[in-house]
Amino acid sequence: MFCNQCEQCRPACQSDGPGICGKNEDVQSLQEIVLYGLKGLAAYASHARRLGQTDVAMSAFIEEALFATMTNVNFDPSSLLELALDVGKHNLTAMQLLDAGHTQRFGKPSPTTVTEGTQAGPGILMTGHDLVDLADLLEQCRGTDVKVYTHGEMLPAHMYKRLREHPNLAGHFGGAWQKQRSEFAQFSGPVVATTNCILVPDPTYADRVFTTRWTAVPGGTRLPTSDFSAVIEKAKATAPLRQSAPSTSTVGYHWTTLLDLAPTIVEAVKAGQISRFFVIGGCDGAEVGRNYFSEYAKLTPNNSFILTLGCGKFRIRDQDYGTLLGLPRLLDMGQCNDAFGAIQVAVKLAEAFNCGVNDLPLTLVVSWFEQKAVSVLLTLLSLGVKGITIGPRPPAFVTPNVFKILQSTFDLRLTGASAQADLAAAVGN
Ligand code: SF4
Ligand code: SF4
């Protein structure tokens, strides 16, 4: 255990035994689950607030839950677990608000083909998750020859007609966050990072990095307001982008699009044409073990769909999975901010089949990296979803005892040594 949160902090607070106050490592672990889940919830709530979506009960809960983790307030594991699941419940509200904010501001998403690569001329790359920043930047570029490209988790911006039809939005460039250093060095124009996940830039390109609001990096320029004039000037002053050989991808299978297809999908399940739905996504990262998710996706049967979201999609989308019922087998549902959609699809499918989510032919294999993923996992657990596989490593803040509780209550699983064996176990073979 490592705790240093109060004045009584002594070596005992950073040992295997209980701290001076009596807090033990399992209580510490549960408090950290609450805290890290709250960080994810706060991120979603903050993104939603920028779109005018708020909820008083959710905001009050954040205060209450933070208070519960103060010194000498709560030493009771069972009530802390209850609180962690409440973080998940309120996170569902936050994600719902964010989804509503996006669709109200940018319109109902629809599937579309995205051009990936750069065109000759001045260009700006925008990364992170904040679509309001993207809309503001596009508007400020209107009437200029400066093109804007999405990067990483900004890819799903193209599913919104009001964004993709903007004359200055030229396409997408680049993959998940861990590739930023090579991709930003390669992109000759300015880069705007709007939220997590930004890496500390290499000095060779740091002077081209701009960040918005509370996102900030050494060597970069932080923009406290939505005025992007300095970025546009930088795009005109830096070396123009080179024309690259373009490729294309398909995005836009937002939950509303899938629900429009629900009658066809339900009939196909009943007729045995669809064997299973896999949700494979979440956060990508640099560890070697993340190839597990590419292997898993490759092994899914041809009569199954793979729903993906988050930058974990970049781990699995290089493969051609073919089509099923005239749709791509790999359906890109959006950002990690669109995780609400995967939950909606599961809940609506369960309603259509008059069963529980755990009775559906549905397997969730989630890669995690940061704290939005923690809050999404808590949301799934709060809804009673069982048998989720997470990886590539267990969270370091979850003690073996607490993990055992999560395993016995929710059948929470860890990615194993073999994706093939795990897939067989998940589908009951
Ligand atoms: S809260 Fe408890 S464990 Fe943490 S520093 Fe204070 S006395 Fe030690
Ligand atoms: S999915 Fe997770 S790791 Fe990837 S950019 Fe979003 S928050 Fe970061």
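**Figure 1. Surroundings of R213 in the predicted model.** Leaving aside neighbours within four places in sequence, R213 is in contact with R50, D130, D133, T194, R222, L223 and P224. The structure shown here and in the views below is a predicted model. R213 belongs to the loop that links β6 and β7. Its side chain forms a polar contact with the side chain of D133, at 2.8 Å. The backbone of R213 has a phi near 50°, which is a positive value in a residue other than glycine. Most residues other than glycine have a negative phi.

**Figure 2. Helix α7 and the elements against which its buried residues pack.** Helix α7 comprises residues 229-237, and V231, I232 and A235 are buried in this helix. These residues lie on the same side of α7, because the arc that they cover around the axis is only 100°. Their packing partners are the strands β2 (123-127), β5 (191-193), β6 (209-212) and β7 (221-223), together with the helix α4 (131-141).

Figure 3. In helix α9 (residues 262-270), the buried residues are I265, V266, A268 and V269. They span an arc of only 160° around the axis and are therefore placed on the same side of α9. P263 and K270, on the other side of α9, are exposed. The cover over the buried residues of α9 includes α8 (255-260), β9 (276-282) and α11 (339-352). After α9 comes G272, with a positive phi near 80°.

**Figure 4. The shell of ligand 1.** The residues that surround ligand 1 are M1, C3, Q5, C6, Q8, C9, C13, G19, I20, C21 and T71. By class, this shell contains seven nonpolar residues, four polar residues and no charged residues.

**Figure 5. The shell of ligand 2.** Around ligand 2 are found H129, E153, W177, N196, C197, G282, C283, G310, C311, C336, F369 and E370. Six of the shell residues are nonpolar, four are polar and two are charged. Two members of this shell, N196 and C197, are joined by a cis peptide bond with an omega of about 10°. C197 is located in the loop between β5 and β6. Most peptide bonds are trans.

**Figure 6. C336 and the sulfur of C283.** Both C283 and C336 are among the residues around ligand 2. The structure contains zero disulfides. C336 accordingly takes part in no disulfide, and the nearest cysteine sulfur, that of C283, is 6.0 Å away. With a relative accessible area of 11%, C336 is buried.

**Figure 7. V366 in strand β14.** V366 is a residue of strand β14 (residues 362-367). Its relative accessible area is 19%, and V366 is therefore buried, the limit being under 20%. Leaving aside neighbours within four places in sequence, the contacts of V366 are G281, F293, I388, T389, I390 and G391. Between V366 and L80 there are 286 residues in sequence and, from C-alpha to C-alpha, 24 Å in space.

**Figure 8. The cis peptide bond at P392.** G391, one of the residues in contact with V366, is joined to P392 by a cis peptide bond with an omega of about 5°. P392 lies in the loop between β15 (389-391) and α13 (400-410).

**Figure 9. L325 between two strands.** L325 is situated in the loop that separates β11 (323-324) from β12 (327-328). Although L325 is not a glycine, its phi is positive, at about 55°. L325 is partly exposed, with a relative accessible area of 35%.

Note on methods. Residues are numbered from 1 along each chain as its sequence is written. Chains are lettered from A and ligands numbered from 1 in the order in which they are written. This is a predicted model: local features need pLDDT of at least 70, side-chain atom pairs count only at pLDDT 80 or more; totals for chains, interfaces and linings use all residues. Side-chain values use heavy atoms; hydrogens and water are left out. A residue is near a molecule or strand if one of its heavy atoms lies within 4 Å of it. Ala, Val, Leu, Ile, Met, Phe, Trp, Tyr, Cys and Pro count as nonpolar, Asp, Glu, Lys and Arg as charged, and the others, Gly among them, as polar. A disulfide is a pair of cysteine sulfur atoms within 2.5 Å. Buried means under 20% relative accessible area, exposed over 50%, partly exposed in between (1.4 Å probe, protein chains only). Helices (H or I, at least four residues) and strands (E, at least two) are DSSP runs, numbered from the N terminus. The arc is that of the directions from the helix axis to the C-beta atoms. Contact means heavy atoms within 4.5 Å. A polar contact is a pair of N or O atoms within 3.5 Å; within protein, one must be able to donate a hydrogen and the other to accept it, and residues adjacent in sequence count only if both atoms are side-chain atoms.
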